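Colleague: Please take a close look at the nonpolar core of this model and at the strands around it. I would like the cut-offs stated along the way.

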Amino acid sequence: MALPKLLCVALFVIASASLVQGRTPYNGGPRPYRLITYYLQQQFGVNELGMVPPARPPVSGTNTGFGVEVVYEFTMTAEQSPQSKVLGYVRGTAIAVNNTAASTTFFVQNVIHYDDGSVQGTLTQQGEAIFASLPWEFAITGGTGAFRNAYGFNVGRFISSTPTPNGNLITTFYEASVFFNH
């Protein structure tokens, strides 16, 4: 009696395994890759909110105190103009982790919500940046949707700063090199 029961269990496992979608294992060839470019329209004075006050006041010559934390949501566009095609948005937090008269270093964590009409998904990124120096770089640490199992890096650079009635519109350009583990 034990042998037929064992055989039934083995057949069930084999049949169940055949129903699971398999992935092709990495065979040592070039990794799947996608380059994503976008402009980030950072409307300061409207789309950010100070969450944690600074632990220390700003150093003379700076605007940001150590430890200040900001949460934000900014629009991504296909071109430099804020009126160009919207590709999604970036939500995240930035914490001032070091500030001197020369610069302020931020620790940044973002979720990039991307939709160009044919590719949709999110990317997570994090890293430190001194936004006064060019360029800055974040690590891409994962993703969802079309970016499932993603990793890579995202390099940004300053484009322009325009005063607005509510603050400043800062435009930056990003090139995300996205690799996939499938």
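Modeller: What follows starts with the chain as a whole and then turns to the core, the strand pairs and the surface.

This is a predicted model, in which local features need pLDDT of at least 70 and side-chain atom pairs count only at pLDDT 80 or more, while totals for chains, interfaces and linings use all residues. Residues are numbered from 1 along each chain as its sequence is written, and side-chain values use heavy atoms, with hydrogens and water left out.

The chain has 1 helix and 9 strands (DSSP runs numbered from the N terminus: helices are H or I with at least four residues, strands are E with at least two). Read from the N terminus, the order is α-β-β-β-β-β-β-β-β-β. Of its 182 residues, 33% are buried (buried is under 20% relative accessible area, exposed over 50%, partly exposed in between, with a 1.4 Å probe and protein chains only). Among contacts with a separation of 6 or more, 51% link residues 24 or more positions apart (a contact is heavy atoms within 4.5 Å).

The largest nonpolar core holds 28 residues (a nonpolar core is a set of buried Ala, Val, Leu, Ile, Met, Phe, Trp, Tyr and Cys residues joined through side-chain atoms within 4.5 Å). The members that touch the most others are I36, Y38, M76, L123, F147 and V178. Two or more residues each come from strand 1 (33-44), strand 3, strand 4, strand 5, strand 6, strand 7 and strand 9 (167-180). In soluble globular proteins, nonpolar side chains tend to be buried together.

V178 shows how such a member is surrounded: leaving aside neighbours within four places in sequence, V178 is in contact with P32, Y33, R34, I36, L123, I140, F147, A150 and Y151. T172 is in strand 9 and is buried, at a relative accessible area of 3%. Not counting residues up to four places away, T172 touches Y38, Y39, L40, Q42, W136, R157, F158 and I159. Its C-alpha atom is 7.9 Å from that of Q42, although T172 and Q42 are 130 residues apart along the chain.

Two strand pairs involve strand 6 (strands pair if DSSP finds at least two bridges between them). Strand 5 (residues 104-115) and strand 6 (residues 120-129) run antiparallel and are joined by 10 bridges, with T124 as the bridge partner of V111. Their hairpin has 4 residues between the strands, and G117 there takes a positive phi near 100 degrees. Strand 6 is also antiparallel to strand 7 (residues 136-145), through 6 bridges; here Q126 has A139 as its bridge partner.

The count of salt bridges is 1 (a side-chain nitrogen of Lys or Arg within 4 Å of a carboxyl oxygen of Asp or Glu). It joins the side chains of R91 and E73 at 2.6 Å, N to O. R91 lies in strand 4 (residues 86-99) and E73 in strand 3 (residues 69-77), so the pair ties together parts 18 residues apart in sequence. R91 is partly exposed at 39% relative accessibility, and E73 is partly exposed at 37%.

On the surface, M51, V52 and V71 form a nonpolar patch with about 220 Å² of accessible area together (patch residues have over 30% relative accessible area and no salt bridge; like charges are joined within 9 Å, nonpolar side chains, namely Val, Leu, Ile, Met, Phe, Trp and Tyr, within 5 Å; areas come from the Shrake-Rupley method with a 1.4 Å probe, and for residues only the protein chains shown count as cover). M51 belongs to strand 2 (residues 48-52) and is partly exposed at 48%.
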